[in-house]
Amino acid sequence: PLGILAGMKLNLTVDGVPLAEVTFPIDLTTAAQVAAEIEAQVGAGVDALDADGRVLVRSTTVGQFSTIAVAADDGAIALGLGGADVGTDGDVQVIIL
């Protein structure tokens, strides 16, 4: 189970633009719950989904300028990201846990 606690934050930058600060309103224990909350708060620019029990966050754009970064904040650390994780070029995605 994931250890996301109410009040934790996850900051996403997509294609070089700070897109959203996701604040988790309740404790979440599954990848599906985390992905659904990211989708609900971010909307356009990223897709978030449960990928076999792991959270997958990907940019909806493709090509050399397509990027996604997850900042090293408390939500990212709880999801197993120790620092900024970045994908770039092509079909960009970050898989968490």
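V57 is buried, because its relative accessibility is 0%. Buried here means under 20% relative accessible area, exposed means over 50%, and partly exposed lies in between, with a 1.4 Å probe and protein chains only. V57 sits in strand β4. Helices (H or I, at least four residues) and strands (E, at least two) are DSSP runs, numbered from the N terminus. V46 is 11 residues away from V57 in sequence, yet their C-alpha atoms are 6.6 Å apart in space.

This is a predicted model, in which local features need pLDDT of at least 70 and side-chain atom pairs count only at pLDDT 80 or more, while totals for chains, interfaces and linings use all residues. Residues are numbered from 1 along each chain as its sequence is written, and side-chain values use heavy atoms, with hydrogens and water left out.

Strand β4 also holds L56. L56 counts as buried because its relative accessibility is 6%. Its C-alpha atom is 7.5 Å from that of A35, 21 residues apart along the chain.

Now to the core. In soluble globular proteins, nonpolar side chains tend to be buried together. A nonpolar core is a set of buried Ala, Val, Leu, Ile, Met, Phe, Trp, Tyr and Cys residues joined through side-chain atoms within 4.5 Å. The largest one here has 23 residues, and L10, L12, F24, V34, I38 and V57 touch the most other members. At least two core residues come from each of β1 (9–14), β2 (17–23), α1 (31–42), β3 (46–51), β4 (54–59) and β5 (67–70). Helix α1 gives the largest share, 5 residues.

What does F24 touch, not counting residues up to four places away in sequence? Its partners are I4, L5, A6, G7, M8, L10, V34, E37 and I38. Contact means heavy atoms within 4.5 Å.

Helix α1 comes next. Its 12 residues should span 16 Å at 1.5 Å a residue, and its end C-alpha atoms are 16 Å apart, which agrees. The expected span is 1.5 Å times one less than the number of residues. A31, V34, A35, E37, I38 and V42 are buried in α1. Viewed down the axis, the buried residues fall within an arc of 160°, so they line one face of the helix. That arc is taken from the directions from the helix axis to the C-beta atoms. The buried residues of α1 pack against β1, β2, β3 and β4. After α1 comes G43, with a positive phi near 75°.

Lys and Arg count as positive, Asp and Glu as negative; His and the chain ends are not counted. E37 is buried but has no salt bridge, and K9, the nearest side chain of opposite charge, is 11 Å away. A salt bridge is a side-chain nitrogen of Lys or Arg within 4 Å of a carboxyl oxygen of Asp or Glu.

How many salt bridges does the whole structure have? A search finds 2. K9 pairs with E21, with the closest N and O atoms 4.0 Å apart. This pair links strand β1 to strand β2, 12 residues apart. D47 pairs with R58 at 3.8 Å between the closest N and O atoms. Here β3 is linked to β4, and the two residues are 11 residues apart.

D52 lies between β3 and β4. Its phi is positive, about 55°, although D52 is not a glycine. Most residues other than glycine have a negative phi. D52 is exposed, because its relative accessible area is 80%.
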